[in-house]
Every structure is written in structure tokens, then in C-alpha cells.
Amino acid sequence: MSLPAVKLTDVYKSFGKSRIINRVNLEINTGERHAVIGPNGAGKSTLFNLISGFYPVSSGRIELKGREITNLSSHQINRRGLSRSFQVTNIFPKMSVFENIRCALLWTTGYRYSFWHLCGRLKRLNEKAEELLEKISMTERRHVPAGLLAYAEQRALEIGVTIAGDADVILLDEPTAGMSRSETERAVSLIREVTESKTLIMVEHDMSVVFDLADRISVLVYGEIITTDSPDNIRNNTRVQEAYLGKESA
Amino acid sequence: MLEYIFFSTINSLLYGMLLFMLSSGLTLIFSMMGILNFAHASFFMLGAYFAYQISQFVGFWPGLVIAPLLVGVLGALVERYGLRSVHKHGHVAELLFTVGLAYLIEEIVMLIWGRNAVPYQIPNILDFALVNILGTDLSAYRVFMLVVSIGMFIFLFLVLTRSRIGLIIQAALTHPDGVSTLGHNVPGVFMLVFGGGSALAGLAGVIGGNYLITEPSMAAHLGPIVFVVIVVGGMGSLTGAFIASLLLGAIQTFAVGVQVSLSDLLALFGLTPEPSGLLKDFLRIQISHTGPILPYLFMVLMLIFRPKGLMGKRET
Amino acid sequence: MKKKDKKGFFMWSKHGLWIAAMLIVIILPFFFRSGFSRSMLSQIGIAIIFALSYNMLLGQAGLLSFGHAVFYGLGGFFTIHILNTVSNGVITIPLELLPLAGGFGAVIVGLVFGWLSTERAGTPFALISLGIGELIAASSLMFPSFFGGEQGISGDRMTVFALTGIRFGKQITIYYLIAFWAFLSIVLMYLLTQTPLGRLANAVRDNPERASFIGYNPHWVRTLQYALAAFFAGIAGGLFAVNYEIVTAETVGFIPSGNVLMMTYIGGVGHFFGPILGAVLVTFMQLSLANMTHAWLIYFGLLFIGMVIWAPSGIAGIIMLHEPVWKAKLMKRLIPSYALAVFPALILFLGTVMFIEISYHLSLSVDPTAPMHLFGIHFRAQSLFPWGITVFLILIGFGLLQRAIKRVRQSWGEVNLIMKKESS
């Protein structure tokens with residue numbers, strides 16, 4: 001029995017009077033690929049923002065690999081090995097692709113706030129950045145400012161920036177949203193490759209992607225998790241079909 | 001003592017209301033357009049100078065109406081032909097535009113009216129002691145100032161709560177992003193608010209210029225204080241601006257009369273340390289001399305410990 | 001063989017600019033021999049350091065400060081106090097290293113103020129910086145033992161021993177001392193942009209949220225960047241102290257704070273070398289225009305507002321806009337339209353200058369009825385004729401310039417079209 005990668009206990013979140021997350025309990029096992037699905041407005045992104053420290057919780061407890069991270073700030077959580085991507089592409093638009101990746105590598109390669117190293121001279125850092133560029137197949141676009149990339153490329157870069165720090169828990173927020181069929185396929189294989197031997201939690205609307213990638217699925221409806229189960233069981237769960245899949249296919 | 005308290009109260013009320021006439025316009029402009037207008041106090045100065053010039057020709061009373069209107073029109077023109085074209089370059093450019101404008105207005109004022117103060121005087125008709133309280137005269141002009149500023153306060157309140165444009169402005173105050181979706185003529189409203197805010201500042205200049213001194217540096221003196229007011233009050237909150245105006249007016253007015261330093265205080269407890277250097281300076285500072293720094297100290301502490309300000313709903 | 005040549009050229013193009021700059025700095029005083037121009041060169045050197053340090057905030061970290069002179073002034077005061085301590089024989093520090101006292105003093109203050117003010121960027125930071133600036137400026141008169149009250153603190157640099165054995169009496173020796181520090185500071189500030197902190201300052205400027213999800217605390221990145229900017233501002237202030245041998249409370253005030261903001265912005269915040277151009281131009285303008293006309297502050301204000309409205313990327317931005325055109329060898333297509341625009345611009349400029357000068361003469365000169373002279377022509381400011389010419393020039397210049405600008409836009413359109421075709 002290993003510790004769960006992420007554990008949420010009785011987590012609530014309200015904005016003003018409206019309660020967005022309503023007593024969520026969730027355990028994500030180490031090494032699994034876990035998908036969170038649910039209708040629009042169910043609070044999936046809010047859940048991600050709580051886990052990654054973007055919002056403070058109203059009440060409840062969040063643990064990362066057995067240590068409490070409730071209401072730590074984002075950078076502290078990131079340093080403990082949790083990294084995330086955003087639903088709306090969130091990179092450094094004025095920097096080149098290569099610079100984006102290199103910046104994302106700086107903290108974990110130990111250079112931190114250094115103002116006595118020159119990035120260009122750091123061999124290990126630049127090699128790592130090259131490797132990662134290769135991994136996300138963007139070596140040829142390295143000099144392009146990230147803001148000028150095509151949409152699918154930006155999404156790939158976003159994944160690159162997210163995994164660069166070598167976090168072992170990765171949160172991806174709708175990584176394939178807005179992509180064409182072929183782009184989605186490529187993204188899925190990229191995600192599969194880069195999250196090998198890591199814990200992945202993802203929010204995703206594309207059901208084929210979810211059933212393709214996920215080991216387990218949690219269904220979030222109106223801020224509550226109504227069930228967590230294997231993909232097959234979720235497919236056959238009548239409550240889920242009512243709440244979510246039914247609507248979607250209708 | 002009673003006399004000191006009474007007159008300090010009157011003075012701080014006057015100063016506070018003057019500050020509010022400036023800060024209310026600045027607050028409206030900031031909350032509607034997101035622009036921190038560095039030239040706001042310059043419009044105040046222009047009001048004073050215009051009123052002075054007009055009083056040279058036709059006397060004080062026409063100036064009371066014409067000068068603020070002129071300043072308002074000028075403000076509207078600045079918004080229409082200046083700010084609006086800078087808008088596309090982002091907030092920093094907008095802010096710097098107003099900084100440059102403040103700088104330029106000061107230079108132009110010096111160019112037209114000279115470097116020294118102009119003799120802008122209170123009208124003869126109000127130049128008498130209205131009543132004698134506790135042995136000191138209360139001048140009629142001060143009472144007049146108080147009446148005008150309170151009148152303006154009521155007028156502003158009525159416009160904001162009763163008129164259509166006021167309702168739009170109120171909507172903008174509470175939901176800054178939502179106004180453009182309401183389908184109103186947003187650029188027109190902006191121009192009106194900017195012009196109106198400038199006119200208010202101009203009015204403050206008309207009645208404050210002869211109470212204070214009408215000189216080219218008056219904008220640079222008052223401008224930063226007005227920023228302090230809107231930060232302390234909570235950016236975008238009119239109620240906050242009102243409270244903060246009175247508060248700062250009181251702090252500055254009352255501090256002037258307190259001739260006490262830390263070493264006096266220590267002496268009360270029988271302590272008479274004789275340090276040298278910075279500590280000596282520090283102990284010798286009299287409260288009355290801290291007037292210039294108190295507002296800024298107040299603002300910096302406020303921004304650090306309560307960034308929302310007194311009444312603000314959102315962070316600055 | 002050919003490959004080697006290419007590499008040699010590469011080395012030159014990489015370091016050539018620095019070497020050329022160094023050479024220019026060394027030979028400049030041989031061309032400018034008067035005391036006035038040499039002291040101006042010294043002032044420019046100080047202004048360059050100050051403006052570049054300001055751009056570490058505004059350009060690189062997106063922090064608009066209205067109180068950067070706090071560190072310039074405090075750096076000056078720290079240096080002059082240390083200078084006096086050295087003069088009194090309490091400690092021994094060579095004169096050449098004294099500006100470091102300003103730098104290190106400023107860095108400590110910078111860490112404190114930086115931490116207090118950079119939790120959030122944008123408007124809150126701008127306001128806190130204004131507050132801190134006013135706070136220090138207003139309190140300078142309350143602490144006379146540090147700020148020296150009205151008359152400031154003065155010192156005598158000749159009483160301090162020099163490491164190099166040079167007697168720092170003449171302006172030229174001080175010029176070379178300033179040039180040395182300026183060159184060193186420019187190189188260091190440039191290298192800082194290439195360090196992890198420098199890159200992260202950009203990252204935090206553009207997207208603080210993302211920066212915190214790659215492990216960085218934006219607040220701490222800004223604080224460090226702020227403290228380093230304070231360091232170089234302190235060096236500039238230290239050089240000021242050594243140069244003038246007196247520091248007054250005005251150096252911490254709003255005027256130098258506004259000044260450095262304007263020179264940096266006019267030079268251009270988006271490119272490293274922008275503030276250098278701004279510092280050279282603005283310092284030159286301030287010193288030489290102030291000799292020529294009393295109305296120079298108006299010209300300065302007009303220039304600043306004009307830049308904000310029409311060229312928010314500054315002089316450096318305008319230059320770099322032409323880089324791709326230059327590379328595509330298309331400059332010859334732009335130059336004719338530029339040449340056409342020069343003429344009406346000159347007319348407008350002339351008209352504006354006349355307008356300002358005549359008004360100035362009328363309202364601020366000792367005797368407005370005395371004849372004034374402008375461009376070698378004598379006339380009476382009261383007569384209508386010069387006013388008529390002025391208005392005529394302004395109107396004609398403005399009208400023609402509108403048409404010329406249309407032409408410039410047109411040729412830019414053509415150039416862009418050609419470049420687009422070539423790239424695709």
C-alpha cells in the first residue's frame with residue numbers, strides 16, 4: 001500500500017454565496033492516469049485550481065504524496081513535485097519556444113534565483129532543453145516567439161513547459177480542447193509518452209481521449225464527485241449517463 | 001484649547017471637502033476607465049488660474065461657473081484627442097501620457113501667468129467675519145466654501161443615484177468589465193466622466209485657489225495627496241474617498257498644531273537620552289513637522305497591510 | 001578557409017559593438033575639449049547607468065516606478081558620508097571604489113523596499129513607489145545629520161587616496177573614472193539579462209501566474225530584480241557624489257525620479273540599448289537647451305508626450321522597426337518618403353519654436369517690450385507680423401505633414417507586402 005499521490009479530504013470552495021466545490025473526497029493513486037469529467041460548470045477547473053494552489057480552499061485538506069499542501073502558494077506546491085497546464089494556453093508569449101522550455105527547467109536544475117550564471121553557458125541546462133524540444137517535436141520551431149505559434153503547437157509547448165520541471169504529479173486541463181482529430185491523436189500519444197511512470201490527473205471533454213488514456217475516471221457534477229471507477233464501469237453507470245453522458249450524446 | 005479644536009475641525013473639514021472634490025473625480029475616472037490620472041490636480045490648478053483671469057475681467061461670481069466649465073471642456077478634449085489615441089498602447093502609456101500632461105500644464109501655466117503666485121483674492125463681498133466664536137473670527141468665505149463643497153456633494157449624489165448616466169456610472173463602479181456589454185455609448189460616457197471629473201477638480205480650484213495660494217506648483221503639491229486619498233479610501237469607492245478625504249484633512253490639520261516631539265514624550269517619563277546622529281534627529285522631530293510625510297506613511301502602510309483600502313471591494 | 005573567415009566575422013559582430021563602444025568612450029574627450037562638454041560627458045555617463053538601472057524595473061520586470069531616485073540619492077549620500085569618513089582617516093578606501101559604497105548601501109535599502117512594494121506589480125506598485133519616493137523626499141529635511149538639511153553634504157575627493165595614483169582633480173580624470181564604471185555597469189547589466197534571474201524577470205513581467213507554476217515566487221523575483229536595480233542606481237549616485245563633491249536632498253526627490261523615467265521611456269524600454277540612447281539625448285538636451293532657451297522644459301515635455309502618443313516603443317523601437325527592412329535591403333523604398341516628410345516636419349518645428357519663444361518672451365522675460373531675436377532675426381514680440389508667420393508656419397507644416405505621413409504609411413505598406421511575399 002503506497003501513499004496516494006494526491007488526496008483530497010472534505011474539500012469545499014465557495015465564491016461569495018455560490019458553492020462551487022461541495023465536499024470532495026478523492027484519492028489519486030501513485031502512477032495512475034486519472035481523468036475528471038463532468039458537464040460544463042461542474043467545477044473541474046476550480047478543482048484543479050484548488051489542488052495546484054491557485055485558489056485557497058474554503059475548508060478541507062489536500063495532501064500531496066502524504067504531505068499536507070492545503071493553501072500553500074502555487075510555487076511551493078510546484079516545488080514539491082506537482083505541475084499543471086492551463087485550459088487557456090498559458091505560456092510566455094514574448095519568449096522563444098526554446099526560452100520557454102529553458103525557463104521551465106531552471107528551478108529544478110538548481111539555478112533558482114541565480115544572477116551569477118549565464119543561461120547560455122549552462123551546458124546541462126541547454127542539453128536538457130534540447131531533449132525536451134525533441135520530445136515535443138518542436139526543435140525546428142525553437143526560435144519562434146511562443147505567441148506566434150499555431151494553436152496546436154502552443155498546446156504542445158504548454159505540455160512541454162508543464163513537464164519540464166520533472167514533477168511526478170502532472171495536472172492537465174483539457175489538453176486537447178479545440179484540436180482537430182489528427183492533432184488530438186498526436187497530443188494523446190505525446191501525453192502518454194511524457195507521463196510514463198508519473199501520476200496524471202486530467203480534465204477532458206473528449207470522451208475518446210478519456211477512455212483511451214485513463215486508468216480511472218471521476219465524475220464531477222455540481223461540485224460533487226458522484227463516482228470514481230474504471231472506464232468500463234463508468235460507461236455502464238446509469239447515474240453517470242443521466243448526469244452527463246446522456247446529455248452529451250443526445 | 002477648545003478654540004484650537006474648534007477651528008482645527010473647521011479647517012480640516014474645509015481641507016477634507018476640497019480633497020474630496022478632487023478625489024471624487026479621480027475615483028470616477030479611475031473606476032470607469034482604469035486610468036490613474038496624474039494630471040487631475042493640474043485641472044484643479046487650471047480652475048484656480050482660469051477663475052483668477054476671469055475675476056480680472058468680470059469678477060468672481062461669473063468665474064465660479066465659467067472656470068469649471070472651461071476646465072471640464074478641456075478635460076473632455078484631452079480625453080477625446082489625447083487619451084483615446086494612447087489607449088491602444090496600453091495602461092502604462094496612458095498613465096505616462098497623464099504624467100507628461102501634468103508636466104506640460106505646469107510649464108504652460110508658468111508661461112502664461114509667470115513663475116510666482118498670482119493675486120487671486122476672495123471676493124470683497126465675502127471678505128468679512130461672519131461670526132466671532134470663542135474670540136476668533138470665522139470668515140464668511142470659509143463658510144461659503146463649505147456650502148459650495150457640500151452643495152457639490154449633494155449634486156454628485158443626486159446625479160449618481162437619480163440620473164440615467166449616473167446609473168451607468170454606478171454599474172461601472174461595481175462591475176468594471178460589464179459596462180461595455182450593456183450597449184451604451186461607452187466612448188461618450190468616458191468623455192463625459194473625464195470632463196465631469198475635470199470640472200469638479202476645476203471647481204475645487206476656483207474656491208480653493210484663493211483660500212490656498214494660486215501658484216504653478218500647487219498641482220505638484222496637492223496631486224500626490226489626492227492619490228493617497230483614493231488609495232486609502234479604496235480605489236473605486238466614492239464612500240471610501242469621502243471618508244479618506246476627511247481623515248487626511250484632519251490628520252494634516254491637527255498635526256500642524258501639535259508641538260510635541262518624541263524626546264518631549266520621553267521627558268514626561270523622566271528620560272532624557274542624549275543620542276547623536278540620526279537618532280537625535282528622530283527624537284527631535286515635532287509632530288507639527290511630520291505633516292508632509294504623514295499621508296505617504298499612511299498610504300504605504302495601507303498598501304502593504306490592507307491593499308483594498310478602507311472601503312474598497314477589489315484590490316488596486 | 002572560408003569557414004574560418006565567417007567565424008572571425010562572427011566574433012567581431014558579437015563583441016565588436018562592445019569594443020567599438022569602449023574605443024569611442026576613450027577618445028571622446030579628445031574631441032570635446034571644453035570644460036562644459038567634458039562635464040556633460042561625465043553627466044551622460046552617470047545618466048546612462050541610472051537609466052539602464054531604471055529599465056531593469058520598467059523594461060525587464062514591468063515595474064513602473066515613480067521613486068527610483070531614492071536609490072540614486074541615497075547612493076550619493078552613502079558615498080559622500082563614506083568619503084568624509086575616509087577623509088577623516090577613520091577608514092581607508094581608495095577613491096576609485098567609493099561608488100561601491102553607494103551601490104551596497106542602496107542594495108540593502110532596495111531589498112527592504114523591494115520586498116514591501118513588489119507583492120503586486122502594475123498600479124499598486126506604481127503607487128507604492130510614488131509613496132516611498134515622497135516619503136523619503138519629505139523626510140529628508142527631518143534628518144539633517146544624514147541629508148545635511150538645505151545645503152546638503154559636501155566632501156573633498158582630493159583628500160582620499162587613489163588606487164591608481166591618479167590625482168582626481170581635473171574633470172577629465174573624473175570623466176575616465178565615470179567612463180570606467182559606466183562601461184562596467186553596462187556590461188554587467190547586459191549580462192544580468194542573460195542570467196536565470198534576468199530571464200525570470202521577463203517571465204514574471206509577461207505572465208506571473210505561469211512563473212509561479214514553474215517553481216518561482218514572482219514576489220521574490222521582483223524583489224531581487226528591484227534590489228539589483230537599486231544597486232546600479234546607487235553606483236550612479238555614488239559617481240554623482242564623487243563628481244560634484246556635494247549631495248543635496250533634491251537628488252532623492254521627484255524631479256530625478258521623473259527624469260529617469262522620461263529618459264528611459266524616450267530611449268525605449270523594449271531594447272537593452274534604448275535607455276542608453278535616451279540618457280545621452282535627454283542629458284544633452286537638458287544641458288545644451290537650457291543654455292539656448294529658457295523654455296526648454298516645454299520642449300522636453302512636448303517631446304515626451306509626443307513619444308508616448310506616436311512612438312511608445314521609443315527611439316530604440318523606431319530603430320529596430322527598420323531592422324528587418326534593412327536586412328531585406330528595402331530601405332531605399334522607405335527613404336524617399338522619409339525625405340519628403342522631413343521638410344514639413346521642419347516647418348512645423350520652426351513654427352512651434354517661434355510660437356513658444358515669442359510667448360515666453362512676452363510673459364517671462366525681464367522686459368517684454370525689448371526687441372527679441374530668434375535665429376539671428378531681431379523683431380518686436382508685440383507686433384502682429386511674427387505671430388502671423390508663426391501661425392502660418394504651424395498650419396502649413398501641419399497640413400503638409402499629414403500628407404507626408406500618408407506617403408510614409410503607403411511605402412511601409414509596400415515594403416511589408418514585399419517582405420511577406422519573400423518569406424512565404
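**Notebook: chains A, B and C**

I began with helix α3 of chain C, residues 69-87: at 1.5 Å a residue its 19 residues should span 27 Å, and the end C-alpha atoms are 26 Å apart, which agrees. The expected span I used is 1.5 Å times one less than the number of residues in the helix. Helices here are DSSP runs of H or I with at least four residues, strands are E runs of at least two, and both are numbered from the N terminus.

Before going on, a note on what I am looking at. This is a predicted model, so I kept in mind that local features need pLDDT of at least 70 and side-chain atom pairs count only at pLDDT 80 or more, while totals for chains, interfaces and linings use all residues. Residues are numbered from 1 along each chain as its sequence is written, and chains are lettered from A and ligands numbered from 1 in the order in which they are written.

**Back to α3(C)**

Is α3(C) mostly covered or mostly open? I find 16 of its 19 residues buried, so mostly covered by the definition I use: buried means 20 or more other C-beta atoms within 10 Å of the residue's own, exposed means 12 or fewer, partly exposed is in between, and C-beta atoms are placed from the backbone. After α3(C) comes G89(C), with a positive phi near 80°.

**Chain A**

I looked up the secondary structure of chain A and got nine helices and ten strands. The radius of gyration is 18 Å, close to the 18 Å that the globule rule gives for 250 residues, so chain A is as compact as a globular protein of that length. That radius is taken over C-alpha atoms, and the rule is 2.2 Å times the number of residues to the power 0.38. Buried residues make up 43% of chain A.

Next, a sheet in chain A. It is open, has four strands in the order β2-β1-β4-β5, and pairs antiparallel. The edges are β2 (18-28) and β5 (67-68) of chain A, each with a single partner strand, so one side of each has no neighbour in the sheet. Strands count as paired if DSSP finds at least two bridges between them; β1 (residues 6-15) and β2 of chain A have seven, in the antiparallel sense. Within that pair I see K7(A) opposite E27(A) of β2(A). Helix α1 (residues 44-51) of chain A packs on this sheet, touching β1, β2 and β4 (59-64) of chain A, and its direction makes about 65° with that of β2(A). Axes are lines fitted to C-alpha atoms, for helices over the stretch in contact, and angles run from 0 to 180 degrees between N-to-C directions.

**Chain B**

I count twelve helices and two strands in chain B. A compact globule of 316 residues would have a radius of gyration near 20 Å, and chain B has 21 Å, which agrees.

**Where chain C is touched**

Contact means C-beta atoms, placed from the backbone, within 7 Å. Between B and C, I get 36 residues from chain B and 32 residues from chain C. Which element of chain B gives the most to this side? That is α4(B), with twelve residues. By class, the chain B side has 26 nonpolar, seven polar and three charged residues. Nonpolar covers Ala, Val, Leu, Ile, Met, Phe, Trp, Tyr, Cys and Pro; charged covers Asp, Glu, Lys and Arg; the others, Gly among them, are polar.

Between A and C, the contact takes 32 residues from chain A and 25 residues from chain C. The chain A side divides into 15 nonpolar, twelve polar and five charged.

Notes:
Two residues are in contact if their C-beta atoms, placed from the backbone, lie within 7 Å.
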